[in-house]
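Morning, everyone. Please have a look at the structure on the screen before I start.

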Amino acid sequence: MGAAAVGLPRWAHAQGGSRPLRVILPLSAGSGADGAIRAISNSLAKALGQAVVIENLPGAGGITGTSQIVRAPKDGSVIGVVSNNHVVNPSVYKNIPFDSLADITPITILGATPFVLVAHPSVPAKTVQELIALARAKPGVLNYGSSGNGTILHLGAAMFVDQAKVVIQHIPYKGMGPLMNDVLGGQVQLAVVAVAPAAAHIKSGALRALGVTTASRVPSLPGVPTVAEQGLPGYELDGWIAPVAPAGLPKAELARLYAGFKAAMEMPEAHDALIAQGYEIKLTPPEPAAAFFRSEAARMAQVVKNANVTMD
């Protein structure tokens with residue numbers, strides 16, 4: 001998907017020229033990151049002074065597309081957009097053909113979407129404390145679903161199980177769609193899911209929200225307490241997305257790209273589009289973004305170890 005550049009600042013024309021910016025998404029079309037980047041692509045094109053071409057290269061939990069990102073030219077002509085799985089994969093997969101930290105240059109943490117721990121109404125628990133008590137009374141009887149082994153939704157639930165010291169069986173699905181269908185149908189009792197697609201089901205009573213996974217309460221679900229405030233202090237998770245470039249990107253290009261995203265998000269059409277999709281806009285500068293990648297990689301490595309999650 002491309003976008004024409006009009007009314008552009010001189011520095012954008014000087015640096016971006018007429019070449020397009022290729023944006024690789026190591027995720028499938030229709031994913032949260034895909035929708036977010038496509039929603040802001042016109043604004044990004046205006047800010048940078050060059051067309052934006054988005055290419056989906058899904059596969060192997062994001063490894064397929066990210067392999068292309070790290071091997072791309074180090075001149076700012078190709079970037080990628082990654083999510084939590086980028087820092088999770090090194091702990092989940094045995095062999096990855098790149099270093100998730102050393103082989104990329106984080107541009108910014110663009111935004112993050114909150115998750116919520118939900119239960120089918122048939123589960124006799126209305127709070128996190130009640131769920132923990134129920135799980136301890138009936139170890140191994142309850143189950144939770146996820147969008148797949150090693151995904152951030154799996155690890156979000158696994159973090160809960162580990163910190164609550166309970167035994168709840170995991171049922172992996174192939175994607176968010178099948179997971180939501182079975183949670184709504186009662187075939188699966190519990191799940192950690194994104195707030196945006198779950199909010200309508202929570203308000204209708206089709207799902208029960210037990211706790212949001214973020215550090216503070218979520219405006220769209222103001223009556224739902226956090227998991228942390230219900231007895232699991234330190235439990236925190238959200239679904240972030242981050243534009244990245246290959247390692248070795250010149251500082252001038254890094255500054256140009258970050259400035260482009262910053263300018264794009266100051267445009268109402270881009271800002272409002274991300275908010276409408278349930279994102280909290282972050283726009284972390286490059287150096288703090290790199291520090292965040294490192295800290296999240298270490299934190300997720302411990303979560304994966306505790307959950308005993310491995311993939312071939």
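I'll take a helix pair, then some aromatic residues. Keep in mind that this is a predicted model.

Helices first. Helix α7 covers residues 176-185, and helix α8 covers residues 195-204. Their axes are 12 Å apart. How do they run relative to each other, parallel or antiparallel? The packing angle is about 15 degrees. Angles under 35 degrees count as roughly parallel, so α7 and α8 are roughly parallel to each other. The crossing of α7 past α8 is right-handed.

Which residues meet there? From α7, we have Met176, Met180 and Leu184. From α8, we have Pro197, Ala198 and His201. By class, that contact has 5 nonpolar residues and 1 polar residue. It has no charged residues.

Now the aromatics. The structure holds 2 aromatic pairs. Let me show you one of them, Trp240 with Phe292. The ring centres are 5.3 Å apart. The planes sit at 80 degrees, and over 60 counts as edge-to-face, so this pair is edge-to-face.

Where do the two partners lie? Trp240 is in strand β10, residues 238-246. Phe292 is in helix α11, residues 286-307. So the pair ties together parts that are 52 residues apart in sequence.

Next, accessibility. Trp240 has 2% relative accessibility, so it counts as buried. Phe292 has a relative accessible area of 25%, so Phe292 is partly exposed.

Over to you for questions.

Key. Residues are numbered from 1 along each chain as its sequence is written. This is a predicted model: local features need pLDDT of at least 70, side-chain atom pairs count only at pLDDT 80 or more; totals for chains, interfaces and linings use all residues. Side-chain values use heavy atoms; hydrogens and water are left out. Axes are lines fitted to C-alpha atoms, for helices over the stretch in contact, and angles run from 0 to 180 degrees between N-to-C directions. Helices (H or I, at least four residues) and strands (E, at least two) are DSSP runs, numbered from the N terminus. Angles under 35 degrees count as roughly parallel, over 145 as roughly antiparallel, 65 to 115 as roughly perpendicular and the rest as oblique. A crossing is left-handed if the near helix is turned anticlockwise from the far one by less than a right angle, and right-handed if clockwise. Contact means heavy atoms within 4.5 Å. Ala, Val, Leu, Ile, Met, Phe, Trp, Tyr, Cys and Pro count as nonpolar, Asp, Glu, Lys and Arg as charged, and the others, Gly among them, as polar. Rings of Phe, Tyr and Trp (its six-membered ring) pair if their centres lie within 6.5 Å; planes under 30 degrees apart count as stacked, over 60 as edge-to-face and the rest as tilted. Buried means under 20% relative accessible area, exposed over 50%, partly exposed in between (1.4 Å probe, protein chains only).
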